[in-house]
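Here are my notes on the model, for reading alongside the coordinates.

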Amino acid sequence: MSQHVKTIPTPYPYTSILELEIEEIDWYRWQRLVNTVADMFNAPATFINQANLKGIEVIIASEKPETHYQPGSIDLDTNIYCHHVVENSSELYVKDAKLDPQWCNNPEYTEDNYVSYLGLPISWPDGSIFGTLCVLDTKVTDYPETYINALGVIKEVIDSDLRHLYKENQLLTLSYTDPLTQIYNRRGFEDLLLSTQDLAQRLNRQLILLYFDLDHFKEANDIFGHEIGDDILKVFAKTLKVNSRSCDLVARWGGDEFLVLIHAENEHCVELFNHRMAEHLSACSIKAEIKYSFGYAVLKPGENTDLESLLKTADEYMYQHKLAKKSQT
Ligand SMILES: Nc1nc2c(ncn2[C@@H]2O[C@H](COP(=O)(O)OP(=O)(O)OP(=O)(O)O)[C@@H](O)[C@H]2O)c(=O)[nH]1
């Protein structure tokens, strides 16, 4: 019997901008832009969508009586037009969905009868995808190139609003934060590593990369449940944070793995850090005992070791630590 293995799409690492109190976006202007596009194309529906942790979410919809859509988000498994724009980071123009079998399971076509779609990607200033500006129609279309170009100009207005937001730093912080533990995520760590290295060079100080991996975390999830598992991750992240200085970088690297980059006078700091961690963790009141293995790598001033090599060293060390503990038990 053949087995169909379903892959779960990775969510886009952004919180919905609708959930944030952002004053820098002129929502009224975005609304007018969307309404103008709908009028210009004489189309029943125009949207600005965001690719975020929920999937693809409608942020602004045209205010025409015939605009038909479900407010909220569509998960990444559903074959809607916008997913293709987001995935490929490029324009998509479907003049007549009937002519292309790839849309036969697209609910926008099969349920809402949107047979035509024109969508452009909207980008964050770092080039990663924010979402789409799109025009949908229930009739077959053949837009002139001048219209498509005009849509491109309107999209650039939205891009530039996002750039402004980035300057304000609100969303930058957001896209750098792991939503569960509220420490940096992988992307935040990678992006801030360079400036931390720069600072350490200028101060002529060494940096130490600490790599932590929880022990038997899968078992804790299995025995106590996923929610307690989440609590363990949160407590561990918080413990790392309170034991670090504000200039250190504390991040969740993925799953039950964490990184801390510390400005350290010498390797003795690693022992001290560990000692403080053990003390804090033993004092916290959580159902499951939190144990971890760790490794580290040193980056001396003047050295130019890349993150990959540092991680490899720290990971090998951590692995030996884990093995040693396993063989003891
Ligand atoms: N609750 C919760 N579990 C997660 C999360 N992310 C990853 N996991 C789980 O973390 C577990 C990691 O398992 P493993 O990598 O095998 O690690 P381990 O059980 O700690 O094994 P050892 O490292 O060998 O001790 C997996 O079961 C994941 O499903 C999360 O955000 N929340």
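The points below cover the sheet, the helices and the ligand site.

1. The model is predicted: local features need pLDDT of at least 70, side-chain atom pairs count only at pLDDT 80 or more, and totals for chains, interfaces and linings use all residues. Residues are numbered from 1 along each chain as its sequence is written.

2. Six strands form an open sheet in the order β3-β2-β1-β6-β5-β4, with antiparallel pairing; strands are DSSP runs of E, at least two residues, and helices runs of H or I, at least four, numbered from the N terminus. Two strands pair if DSSP finds at least two bridges between them. The edge strands, β3 (73–74) and β4 (92–94), each pair on one side only.

3. Between β5 (116–123) and β6 (129–137) there are 8 bridges. Tyr117 is opposite Leu136 in β6.

4. Helix α2 (81–88) lies across β1, β2, β4, β5 and β6, at about 145 degrees to β6. Angles run from 0 to 180 degrees between N-to-C directions, with axes fitted to C-alpha atoms, for helices over the stretch in contact.

5. α7 and α8 pack at about 135 degrees, their axes 6 Å apart.

6. The ligand is surrounded by 15 residues, the closest being Asp215, Phe217, Lys218, Gly229 and Gly255 (C-beta atom, placed from the backbone, within 6 Å). β7 (206–214), α7 (217–224) and α8 (226–242) each give two or more residues to this shell.

How values were computed:
Contact = placed C-beta atoms within 7 Å.
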